[in-house]
Amino acid sequence: MELSNTAAIVTGGASGLGAATARVLAERGANVFAVDLGDSIGKSQPVNGVEYVEADVTDVAQIRDVVLKATADKPLRTVINCAGILPTMRILGKRGVHDLSLFAKVIEVNLVGSFNVLASAAEAISRTDPDGDGQRGVIINTASIAAFEGQIGQAAYASSKAGIVGLTLPAARDLAQYGIRVNAIAPGIVETPMMASLSDEVRQGLAAGVTFPKRLARPEEFAQLALSIIDHDYLNGEIIRMDGALRMASR
């Protein structure tokens, strides 16, 4: 799919996976709208071709405003959901029973937020002119290998990412009539600000468990895979692991 002279929305676009993805989309000629919270935007480094928009992915009205802004001048073709949170808590541990509000918050941001952006953007994309193959756009959500091998303390996070996996095929089927492809990337352990919440010891242990290459993934590699999905018009309804053949142990 052609990116030049089109609009793209990247959530979580001020740092980590989202920032790397926004950068490569802009380099390919897209007008990129990087959606994030104000604090994250304030810490971001400006990138040519990227406009930073403060919005909460769980807020329907705010996301509708983002979509309107993105579609003001060019057709919206690409949406990549990278926004997410990664708190950890055991279902039953020293601190007692898992906080239900924390569980709900993770689901709300990681799963409901992704769906909110997907649905609002799909409506706008459906109104654009299709290309010669009837294609109008591509939506990529971010899952995680935790969706398949969630570790101790990841009940909320793994549930939210498993929801992304479960969403992918029905979303692709729902939106096929509009020429919109839907895929998901399931990263392994990536060097992002989210990972900074883990200790060095834990991060080194995770890297040692990667089959090859024995290191954490880089945000730029996620962005590269996103571009490959956009370029490959026959990829639809797929969840693609990007994990160096890592299979997570229980802890």
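## About the model

The model is predicted; local features need pLDDT of at least 70, side-chain atom pairs count only at pLDDT 80 or more, and totals for chains, interfaces and linings use all residues. Residues are numbered from 1 along each chain as its sequence is written, and side-chain values use heavy atoms, with hydrogens and water left out.

Helices (H or I, at least four residues) and strands (E, at least two) are DSSP runs, numbered from the N terminus.

## The sheet

Seven strands form an open sheet with parallel pairing. Their order is S3-S2-S1-S4-S7-S8-S9. Two strands count as paired if DSSP finds at least two bridges between them. Strand S3 (50-54) and S9 stand at the edges with a single partner strand each, so one side of each is left without a neighbour in the sheet. Neighbouring strands are turned by 20 degrees against each other on average, direction ignored.

S1 and strand S2 (residues 31-36) run parallel and share five bridges. Alanine 7 stands opposite asparagine 31 in S2.

## Strand S7

Where does strand S7 (residues 137-142) stand, covered or uncovered? S7 is mostly covered: six of its six residues are buried. Buried means under 20% relative accessible area, exposed means over 50%, and partly exposed lies in between (1.4 Å probe, protein chains only). In a regular strand the side chains alternate between the two faces of the sheet. In S7, Gly137, Ile139 and Asn141 point one way. Val138, Ile140 and Thr142 point the other way.

S7 has partners named here on two strands. Strand S4 (residues 76-81) pairs with S7 in the parallel sense over four bridges. Asparagine 81 stands opposite asparagine 141 in S7. Six bridges join S7 to strand S8 (residues 180-187), and these two also run parallel. Glycine 137 has isoleucine 180 in S8 as its bridge partner.

## Threonine 142

Threonine 142 lies in strand S7. Is threonine 142 buried or exposed? Threonine 142 counts as buried because its relative accessible area is 6%.

The side chain of threonine 142 reaches the backbone oxygen of asparagine 81 at 2.6 Å. Such a polar contact is a pair of N or O atoms within 3.5 Å; within protein, one must be able to donate a hydrogen and the other to accept it, and residues adjacent in sequence count only if both atoms are side-chain atoms. Contact in general means heavy atoms within 4.5 Å. Leaving aside neighbours within four places in sequence, threonine 142 is in contact with residues including Leu17, Cys82, Lys161, Ile185 and Phe222.

## Helices on the sheet

Helix H1 lies across S1, S2, S3, S4, S7 and S8. H1 runs at about 170 degrees to S1. Axes are lines fitted to C-alpha atoms, for helices over the stretch in contact, and angles run from 0 to 180 degrees between N-to-C directions. H8 packs on the sheet too, touching S4, S7, S8 and S9. The direction of H8 makes about 155 degrees with that of S8.

Arginine 23 is found in helix H1 (residues 16-27). Arginine 23 counts as partly exposed because its relative accessibility is 32%.

## Helix H3 against helix H4

Two packed helices are described by the angle between their axes and the distance between the axes. For helix H3 (residues 60-70) and helix H4 (residues 100-125), the angle is about 40 degrees and the axes are 10 Å apart.

Which residues of H3 meet H4? They are Val60, Ile63, Arg64 and Val67. On the H4 side, the residues include Asn116, Val117, Ala121 and Glu123. The contact residues divide into six nonpolar, two polar and two charged. Here Ala, Val, Leu, Ile, Met, Phe, Trp, Tyr, Cys and Pro count as nonpolar, Asp, Glu, Lys and Arg as charged, and the others, Gly among them, as polar.

Most residues other than glycine have a negative phi, and most peptide bonds are trans. Asparagine 5 has a positive phi of about 65 degrees. Asparagine 5 lies in the segment before strand S1 (7-11) and is exposed, with a relative accessible area of 53%. Alanine 245 has a positive phi of about 70 degrees. Alanine 245 sits in the segment after strand S9 (239-242).

A cis peptide bond joins phenylalanine 212 and proline 213, with omega about -5 degrees. Proline 213 lies in the loop between helix H7 (200-208) and helix H8 (219-231).
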